[in-house]
Amino acid sequence: MITIEQLQEIKEKNQDIVNFRKEHGERGNGKYRSHVLVCAGTGCTSSGSQKIADKLEEEIKAAGLEEEVCVIRTGCHGLCALGPVMIIYPEAAFYSNMELEHVPEIVSEHLVKGNVVTKYLYQETVTEDGIISMNQTNFYKPQNRVALRNCGVINPECINEYIGTGGYQALAKVLTTMSREDVVKCITDSGLRGRGGGGFPTGKKWQFAMGGEPGVQKYVCCNADEGDPGAFMDRSVLEGDPHVVFEAMAIAGYVIGANQGYIYVRAEYPIAVDRLNIALAQAREYGVLGDNIFGTGFSFDIDLRLGAGAFVCGEETALMTSIEGNRGEPRPRPPFPAVKGLFGQPTILNNVETWANIPQIILKGADWFAGMGTEKSRGTKVFALGGKINNVGLVEIPMGTTLREVVENIGGGIPNGKKFKAAQTGGPSGGCISLENYDVPIDYDNLVSIGSMMGSGGLIVMDEDDCMVDIAKFFLEFTVDESCGKCTPCRIGTKRLLELLNKITDGKAEMEDLDRMVELCNLIKENSLCALGQTAPNPVLSTYKYFKDEYIAHVKDKKCPAGKCKNLVSYHIDAEKCIGCGLCKKNCPGDAITGEKKQPHEIDTAKCLKCGVCMTKCKKDAIYKA
Amino acid sequence: MIKVTIDGITVEVEQGSTILEAAKVAGVEIPTLCYLKDVTPEASCRMCMVEIEGMPKLVTACSFPAADGNVVHTRTERVVKARRGVLELLMSNHKTDCFSCPQNGMCKLQDLCFEYGVKDVPFEGVEKAIDDSNKFFTYDPNLCILCHRCVNTCQKRTCRGSIDTTQRGFKSVISPAFGMDWADSNCESCGNCVQACPTGALTMKKQKTYRHWDVEKVLTTCPHCATGCQYYVYVKDNRVVDVEAADGPSNRGLLCVKGRSASFDFAQCDERITTPLIKDRETGEFREAGWDEALDLVASKFTELKKTYGGQALAGFACSRSTNEDIYMLQKMTRVAFESNNTDNCARV
């Protein structure tokens, strides 16, 4: 067990190391003159960053620099679209799209001679006047990394680096100088709301769990069962900064009087699970988890529970049922978990991103946090940008940023000059935001009022080529598949709703089907047991609200305006443009194209699989959809 | 105590009572399918939706705790629409060949569809495989509404835990672990799940031999052991065709496999011995005898044995199928008439 004095010593020893890793960072007493931070998040790992890190170490050793330069495998930097990425300090040179072959040159030029290899840099950081920091680029400049502050900065497998950034100071502060009431007041005053989707005020949640008889067994849980398609905010925090979650949970344990925490993490996040296990072992070794933390008499430990892949286990009561060893199904509320949660005991559950905000709120104060964001949604929010957007990745922006800013500026716009059509927030529980709400500040209440929801932070951008009925169908297919099957409206209702949507995209629906669809949506929304069912119709209702014309076109005209719904589209060859090159015929997997060389070709619509290969192959733009 | 008004009737109930419990006190019936008394509310069927003044959402009466001053409406247009919607969804995946269903006339789903006017089924269901492997009952998922009364009964009342939902969402079915056949599982075939089923999804094979309206229900005690479980025997044409557990003090609505499936067939078995039989020493054949003759013979033989070898040479051992009263009489006879304490019974099943 370390004491608070020892914690300070470790901090002082390590703060120079982490402080070096910023623009104009001071080396101080740090051992290494250069730090190479290679992203070891899931995105970059899958594009080969580990091999690059190995190669860097090898080359650095060969150049005899191992005492001068260190290679650090960090969490996610956010700009996943350009992975693998790495940053070299003190120059703050941001290399992107790294390949193994670039490594020797970067070592020999940059690390040995001190010349940044600008051709391999993220080109936005290269200007006529030299290189600029990544924080000056469109992607990073509007961001404010609070929850992600250590992601991409520290080595997540090294507790000393976390302590160097001020880690576990908040826990020490709480345990030695703050009463339980002080902490709850601080969190309440900060205005922090649950980042998992519901947006429930965190301070209030904690307060509910504070009461009861002394000595009652209570629990603190972390929801790391991030399941929305396209969302990976929580994964990045766990992979990049696992200790922040432990620290925050211990603080909550102190507040409500719990001595045990559980992190329910998806087994599909193997890197996160590994790093959590490593971090857990280190935290126990230092005694920042375990018995008598800092000698204050407060004890708190954490165990991991791996989810088996069911989306519904992200719902709080289902998550607890699963931790208890039962089939992951939701339970009716009330009783709420703060009264009767895990194993029937008072429990608080917050998601990873919520936890990641806590220590800093304690250290910097409620006012600091409340100073960011909008009136009812304080602080920042992490979004996972995906879909038709150039900068696919992870961003943390102040609440109240507009969708336009996110898409056009931070996200770098839409590929191929296509037009923005809508963005889906909140995954399968959320709804779409159309062009008319492009400039609405993003916060909890605004999103709900326009028929979407914050959700955990997935943000999927769609362009003019996307069919909104098809998008609604995509999300509904997901919920049908992920419905646990416990309650009637969700189990059968979502399936029926999907059948109606299929009917629409197949061109077999009548106008009355649209009324039935809305009625069914309302039935599911109003009568389902848990949030999964209650929100499952949102993608349908919101696309119907903002793109009613598209639905009507499918039903009345039997046309898909975006040309996406296969059964409503046929491919044709414009005889005047076709030069008879035969490329389309050669590539057609269905042998649906006929024609003599140099003569206009024809598509047999009966044989056509509507795969669209011909269209992509044609060099004369002679093929069109109708 | 708190005061709750349900459909205009104000009642006093204990703090912590659910809306459903309060409604019962008020004499207002709220339909349920998944609700099982004394078991944690499942709240999955969504039939018991009610409206509470001042609350934006409908709530499930079975799970929602009543609060002092609650004004509850159980029959508003909104509530009825929700219940009908739920029934329509259930029926959209439910076979409607009620004529050939053993549960016809006893089916709660049928009753509710009648009450709420649910007639046509606007969607087509998906045919799922029937599990007929158990010797005593059959599970037909095509009639299952996944109310989990069977699962809750097996897990929380009989505490056997043989079945649960397998698969997920629309594909869900009730089955033993890993989708194995019922017969291969640790199921003891007690059939309490069958009795809990509100539809024809779980039916006793015996149900094929009668229709519910043909039978007379007679409350009696199970003769199989000395536990004294109460049950109704179903009598058709003066023959027992089935049993149904009653809420007796020792069984509380449950039965074991023997009680439910092996306790009455012998009553009408052709080979049943209905008069005493005495073996003719000469021929070695049994002959029918009257009670007096038989009892005299037995009494004389016991008396002879006692005289020759003493009471300690005798013992009285009662069959577990005897009633408590019979077992008592036997030990009394052993102690008083035989003058022996060698007495016991095998009623420990």
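Let's start with B:Glu115, which is partly exposed, with a relative accessible area of 44%. Keep in mind as we go that this is a predicted model. What does B:Glu115 form with B:Arg75? A salt bridge, and the closest N and O atoms are 3.0 Å apart. Side chains of opposite charge can pair when their charged atoms come close. If you look for the two partners in the structure, B:Glu115 sits in helix H3 of chain B, residues 108-116, while B:Arg75 is in the loop between strand E5 (71-73) and helix H2 (77-91). They are 40 residues apart, so this pair links distant parts of the chain. B:Arg75 is partly exposed too, at 41% relative accessibility.

Staying in chain B, here is another pair: B:Glu244 and B:Lys217 form a salt bridge, with 3.1 Å between the closest N and O atoms. Here both partners are in strands, B:Glu244 in E12 (residues 239-245) and B:Lys217 in E10 (residues 216-221), and they are 27 residues apart. Is B:Glu244 buried or exposed? Its relative accessible area is 18%, and since buried means under 20%, B:Glu244 is buried. B:Lys217, on the other hand, is partly exposed at 44%.

Now hop over to chain A. A:Asp54 and A:Arg73 form a salt bridge whose closest N and O atoms are 2.6 Å apart. A:Asp54 lies in helix H3 (residues 49-62) and A:Arg73 in strand E2 (residues 69-74), so the pair ties together parts that are 19 residues apart in sequence. Both count as partly exposed: A:Asp54 has 39% relative accessibility, and A:Arg73 has 24%. How many salt bridges does the structure hold over all chains? The total is 40.

Last stop, two helices of chain A. H19 (residues 511-527) and H21 (residues 538-546) pack at an angle of about 135°, and their axes are 10 Å apart. That angle is why we call H19(A) and H21(A) oblique to each other, and their crossing is left-handed. Who makes the contact? From H19(A) we have A:Leu514, A:Met517, A:Val518, A:Cys521, A:Asn522 and A:Lys525, and from H21(A) come A:Asn538, A:Val540, A:Leu541 and A:Tyr544. Sorted by type, the residues of this contact are 7 nonpolar, 2 polar and 1 charged. Have a go at finding them in the structure!

Notes
Residues numbered from 1 in each chain as written. Chains lettered and ligands numbered in written order. Predicted model: local features only at pLDDT ≥ 70, side-chain atom pairs only at ≥ 80, totals over all residues. Heavy atoms only, no water. Axes fitted to C-alpha atoms, helices over the stretch in contact; angles between N-to-C directions. Helix = DSSP H or I, 4+ residues; strand = E, 2+ residues; numbered from the N terminus. Parallel < 35°, antiparallel > 145°, perpendicular 65-115°, else oblique. Left-handed = near helix turned anticlockwise from the far one by under 90°. Contact = heavy atoms within 4.5 Å. Nonpolar A, V, L, I, M, F, W, Y, C, P; charged D, E, K, R; others polar. Salt bridge = Lys/Arg side-chain N within 4 Å of Asp/Glu carboxyl O. Buried < 20%, exposed > 50% of the residue type's maximum accessible area, 1.4 Å probe, protein only.
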